[in-house]
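Below is a briefing on one structure, arranged by topic for a reader who has the model open. Please read the text alongside the sequence and the coordinates.

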Amino acid sequence: MTQLKALIFDVDGTLAETERNGHRLAFNRAFAEANLNWNWSETLYGELLEVSGGKERIRHYIQLYNPNFKEDLETLIPQLHQAKTAHYRQLLLSGEIQLRLGVKRLIEEADSQGIRLAIATTSALPNALALLEKNLNPDWFEVIAAGDIVTHKKPAPDIYKYVLNQMNLEADKCLVFEDSFHGLQAAYEANLKTVITLHNYTKNQDFSLASLVLNHLGEPEKCFTIIKGDVQHKDYFDIELAKILINKE
Ligand code: XBP
Ligand code: MG
């Protein structure tokens, strides 16, 4: 029997639904401040999420929608992204964005049982830290791997390999929590098992490689809905279920 040693969490979409009313608004505020008439609607943003990473996403948008834009992108993109990061932090600290159902309960349960915790996110480090500071405690996480710490962002497995390396852990002793196809691919390529919690932007993606797909992690008084997988009569996700999942084929 394999022993569960660690839980590794993605941030955006997994710990909290940060994209629609967090990152998207922060991008738009940074654009307006720079006198750019770019405004990312909810629908357009859903398409732009195809590209991981804020700087990479801005570049992708310019290439697709403003191919004749003449400014020096190597200067402009980091500037816009820095301004966007400040706006995002403000949005988070204002308390607009809360954790998803079951996240805090599960993390506290893990911590109390000596299960190690880590973060693996494409988002910039200040963004991940702001969410953790406001809603959890960054000190609970042994490794917070974020943004440009690896060259190749998700769907590349590099960020997960980095976390495993930092924690000196084997993949089969860990369980990952993700919300997107990109995140699942990254974890899968690092040989990690993954639980997916869906939301509006990712609900139609292909999660056939996941160990379990749920609408959220659930609470004792608010059961999850199972989209894919077997939960052994549980109605919310707990450490016992995590232990069962890592021991399944
Ligand atoms: C999150 C991302 C990030 C955020 C924006 O993906 O792709 O780029 O959208 O954050 P995941 P930054 O949840 O798979 O890690 O602007 O800080 O990149
Ligand atoms: Mg995510």
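**Metal site, sheet and packing in a predicted model**

In this predicted model, the magnesium ion (ligand 2) is coordinated at 2.1 Å by Asp-10 (OD), Asp-12 (O) and Asp-179 (OD), where donors are N, O and S atoms within 2.8 Å of the metal (3.2 Å for Na, K and Ca), and where sites may look incomplete, water not being among the atoms. As a predicted model it is read with thresholds, local features needing pLDDT of at least 70 and side-chain atom pairs counting only at pLDDT 80 or more, while totals for chains, interfaces and linings use all residues. Residues are numbered from 1 along each chain as its sequence is written, chains are lettered from A and ligands numbered from 1 in the order in which they are written, and side-chain values use heavy atoms, with hydrogens and water left out.

**Metal site**

- The donor residues of the magnesium ion (ligand 2) follow the sequence spacing D-x1-D-x166-D.
- Distant parts of the chain are linked by the pair Asp-12, in the loop between β1 and α1 (19-33), and Asp-179, in the loop between β4 and α8 (181-189), which stand 167 residues apart; helices (H or I, at least four residues) and strands (E, at least two) are DSSP runs numbered from the N terminus.
- Both Asp-12 and Asp-179 are buried, a term for under 20% relative accessible area, with exposed meaning over 50% and partly exposed in between (1.4 Å probe, protein chains only).

**Sheet**

- An open sheet of mixed pairing is formed by seven strands in the order β3-β2-β1-β4-β5-β6-β7, two strands being paired if DSSP finds at least two bridges between them.
- The edge strands, each pairing on one side only, are β3 (143-146) and β7, and neighbouring strands of this sheet are turned on average by 20 degrees against each other, direction ignored.
- β6 and β7 pair in the antiparallel sense over two bridges, and Leu-214 has Ile-226 in β7 as its bridge partner.

**Helices**

- α6 lies across β2 and β3 and runs at about 135 degrees to β3, whereas α9 lies across β1, β4, β5 (193-197) and β6 and runs at about 110 degrees to β4; axes are lines fitted to C-alpha atoms, for helices over the stretch in contact, and angles run from 0 to 180 degrees between N-to-C directions.
- The axes of α1 and helix α3 (residues 54-65) come within 13 Å and cross at roughly 60 degrees.

**Nonpolar cores**

- The largest nonpolar core has 39 residues, and those with the most contacts inside it are Leu-7, Phe-9, Leu-15, Leu-175, Phe-177 and Phe-237; such a core is a set of buried Ala, Val, Leu, Ile, Met, Phe, Trp, Tyr and Cys residues joined through side-chain atoms within 4.5 Å.
- α9 gives the most to this core, with five residues.
- Apart from it lies another core, of 20 residues, among them Ala-145, Val-163, Met-167 and Val-176.

**Two loop residues**

- Thr-122, in the loop between β2 (116-121) and α6 (125-135), has a relative accessible area of 15% and is therefore buried.
- Cys-223, in the loop between β6 (212-214) and β7 (226-228), counts as partly exposed because its relative accessibility is 43%.
- Leaving aside residues up to four places away in sequence, Cys-223 touches His-216 and Asp-235, a contact meaning heavy atoms within 4.5 Å.
- Cys-223 and Asp-235 are 12 residues apart in sequence and 4.9 Å apart in space, C-alpha to C-alpha.
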